[in-house]
Amino acid sequence: MASASRRRSIAHRTCAACRQKAPSRDLLRLVQTPDGGVVADLRRNLGGRGAHVCLTRKCIVHALKKHSFDRVFNAQVRYPNADDLLDAIRSSLLQNITTLLASGSASRFLCAGTDASRKCLNEGKAACLLLALDATEKERFDAQAKERSVPTRALPSKDLLGTLTGRRPTGVVAIKDRGLADALMAVVDRLEALY
Ligand SMILES: [Zn+2]
């Protein structure tokens, strides 16, 4: 969609922890529950007043520790455990990655595994590589991708990358479609900010 030049005005919100303004789509939104707690609006479908916080471990932990949402909701909020909240957000992002990879697989935009990924890279068809941190050939793939100016993103393990692609443990997956690669890298970057 090269002609998509219409610009919509983007709503900005303030992070309750660091007070920086950012586009609301880049922030985590939380809403109050009837029992006085807060819950992350991960699917962006919960109504009511929302509190916003950067999608980073630092700002989320800070907001919970300092009770930063009290002011937003004008009430004494019951705060969730930080690890539980971070787990829920990570699970949601991993689900997004699974969905993106499944759509890529259906469209034949993926080359999973060492041989298929290397072929894809050598033929200049890779838009990005997803690499498992424990993949034996990670460094070599990193170097080859760098030579070809192909961006890479790391996921914690072969087991996880395999699960996300619906396969056995997998060390490397090449993504052939630029749009899919960009979408995946954006989610992986968000995931990284939460560890
Ligand atoms: Zn922040």
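Q: What covers the buried residues of α3?
A: The cover includes β4 (38–40), α1 (57–65), β6 (110–112), α6 (158–165), β9 (172–175) and α7 (178–192). Helices (H or I, at least four residues) and strands (E, at least two) are DSSP runs, numbered from the N terminus. This is a predicted model, in which local features need pLDDT of at least 70, side-chain atom pairs count only at pLDDT 80 or more, and totals for chains, interfaces and linings use all residues. Residues are numbered from 1 along each chain as its sequence is written.

Q: Which residues of α3 are buried?
A: L85, L93, I97, L101 and G104 are buried in α3. A residue is buried if 20 or more other C-beta atoms lie within 10 Å of its own, exposed if 12 or fewer, and partly exposed in between, with C-beta atoms placed from the backbone. An α-helix has 3.6 residues a turn, so residues three or four places apart point the same way.

Q: How many residues does α3 have, and what span does it reach?
A: Helix α3 (residues 82–106) has 25 residues and reaches 36 Å from its first C-alpha to its last. That is close to the 36 Å expected at 1.5 Å a residue, where the expected span is 1.5 Å times one less than the number of residues. The helix is followed by R108, whose phi is positive, near 60°.

Q: Where is R44, and what is its phi?
A: R44 is found in the loop between β4 and β5 (50–54). Its phi is near 55°, a positive value in a residue other than glycine. Most residues other than glycine have a negative phi.

Q: Is R44 buried or exposed?
A: R44 is exposed, because 9 other C-beta atoms lie within 10 Å.

Q: And S149, where is that one found?
A: S149 is found in the loop between α5 (138–147) and β8 (152–155). It has a positive phi of about 55° although it is not a glycine. S149 counts as exposed, because it has 6 C-beta neighbours inside 10 Å.

Q: Changing topic: in what order do the strands of the open sheet run?
A: Three strands form the open sheet in the order β4-β3-β5, and the pairing is antiparallel. The edge strands are β4 and β5, each of which pairs on one side only. Neighbouring strands of this sheet are turned by 35° against each other on average, direction ignored. Two strands pair if DSSP finds at least two bridges between them.

Q: How many bridges join β3 to β5?
A: Five bridges join strand β3 (residues 27–32) to β5. The bridge partner of V31 in β5 is G50, and R29 stands opposite H52 in that strand.

Q: What about β3 and β4, over how many bridges do they pair?
A: They pair in the antiparallel sense over three bridges, and V31 stands opposite V39 in β4. β3 and β4 form a hairpin with five residues between them. In the turn, G36 has a positive phi of about 90°.

Q: Which residues does S24 touch?
A: Not counting residues up to four places away in sequence, S24 touches A11, H12, R13 and H52. Two residues are in contact if their C-beta atoms, placed from the backbone, lie within 7 Å. The C-alpha atoms of S24 and H52, 28 residues apart along the chain, are separated by 7.7 Å. S24 lies in the loop between β2 (21–23) and β3, and it is partly exposed, with 16 other C-beta atoms within 10 Å.

Q: What does the whole protein contain?
A: The protein has seven helices and nine strands. Its C-alpha atoms fill a box of roughly 60 × 40 × 30 Å, taken along the principal axes. Of the 195 residues, 29% count as buried.

Q: Which domains are assigned?
A: The assignment gives domain 1 (12–80) and domain 2 (89–192), with bounds that come from an automatic or database domain assignment. The centres of domain 1 and domain 2, taken over C-alpha atoms, are separated by 31 Å.

Q: Where does pLDDT stay under 50?
A: It stays under 50 over residues 1–5, for which the model has zero contacts beyond four places in sequence. The protein averages a pLDDT of 93, and 96% of the residues score at least 70. pLDDT is the predictor's confidence in each residue, from 0 to 100. Where pLDDT is low, the predicted coordinates should not be read in detail.

Conventions:
Axes are lines fitted to C-alpha atoms, for helices over the stretch in contact, and angles run from 0 to 180 degrees between N-to-C directions.
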